[in-house]
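These are my notebook entries on one structure. I set down what I looked up, in the order in which I looked.

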Amino acid sequence: MYRAPPEEATPPMPFELAHVWEWFAQLNRKRQGMAVNPIASTEILAWQARHGIAIEPFEHQLLDQLDALFLSHQHAAG
């Protein structure tokens, strides 16, 4: 189970990247299946089309990095 770090250890969210975090949270809620697997590029493309959003390459990289961190944490906790 995910445990957030103590509040004092959590750096503030940069305003310029808050939208990427929100996108990741939306995509993360759509994971399917029993196992926690990476968010597929096809799922990100479908999400973009559904919401009419054009993700810049650096934002896609950030989503991939957030996903990798999430998966790493999930596997360490499991």
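**Entry 1: aromatic pairs.** I began with a rule: the rings of Phe, Tyr and Trp (its six-membered ring) count as a pair if their centres lie within 6.5 Å, and planes over 60 degrees apart make the pair edge-to-face. I note that the model is predicted. F24 belongs to helix α1 (residues 18–29) and F70 to helix α3 (residues 57–77), so the pair ties together parts that are 46 residues apart in sequence. Ring pairs also bring W21 into a cluster with F24 and F70.

**Entry 2: the whole chain.** The protein chain has 3 helices and 0 strands, and its elements run α-α-α from the N terminus. The C-alpha trace spans about 35 × 35 × 15 Å along its principal axes. Of the contacts with a separation of 6 or more, 61% are between residues 24 or more positions apart.

**Entry 3: helix α1.** I checked the length of α1. Its 12 residues, at 1.5 Å a residue, should span 16 Å, and the end C-alpha atoms are 17 Å apart, which agrees. I then asked which residues of α1 are buried. They are V20, W23, F24, A25 and L27. For F24 I found a relative accessible area of 5%; a residue under 20% is buried, so F24 qualifies. I also looked for what covers the buried residues of α1, and the cover includes α2 (41–51) and α3.

**Entry 4: the surface.** Buried residues make up 19% of the 78 residues. The chain exposes about 6100 Å², of which carbon and sulfur atoms supply 60%. Which residues make the nonpolar surface patch of about 390 Å²? They are M13, L17, W21 and F58. I note that W21 is in this patch and also in the ring cluster with F24 and F70. L17 is found in the segment before α1. With a relative accessible area of 31%, L17 is partly exposed, because this value lies between the cut-offs of 20% and 50%.

Terms used
Residues are numbered from 1 along each chain as its sequence is written. This is a predicted model: local features need pLDDT of at least 70, side-chain atom pairs count only at pLDDT 80 or more; totals for chains, interfaces and linings use all residues. Side-chain values use heavy atoms; hydrogens and water are left out. Helices (H or I, at least four residues) and strands (E, at least two) are DSSP runs, numbered from the N terminus. Buried means under 20% relative accessible area, exposed over 50%, partly exposed in between (1.4 Å probe, protein chains only). Rings of Phe, Tyr and Trp (its six-membered ring) pair if their centres lie within 6.5 Å; planes under 30 degrees apart count as stacked, over 60 as edge-to-face and the rest as tilted. The expected span of a helix is 1.5 Å times one less than its number of residues. Contact means heavy atoms within 4.5 Å. Patches are made of residues with over 30% relative accessible area and no salt bridge: like charges are joined within 9 Å, nonpolar side chains (Val, Leu, Ile, Met, Phe, Trp, Tyr) within 5 Å. Accessible areas come from the Shrake-Rupley method with a 1.4 Å probe; for residues, only the protein chains shown count as cover. A salt bridge is a side-chain nitrogen of Lys or Arg within 4 Å of a carboxyl oxygen of Asp or Glu.
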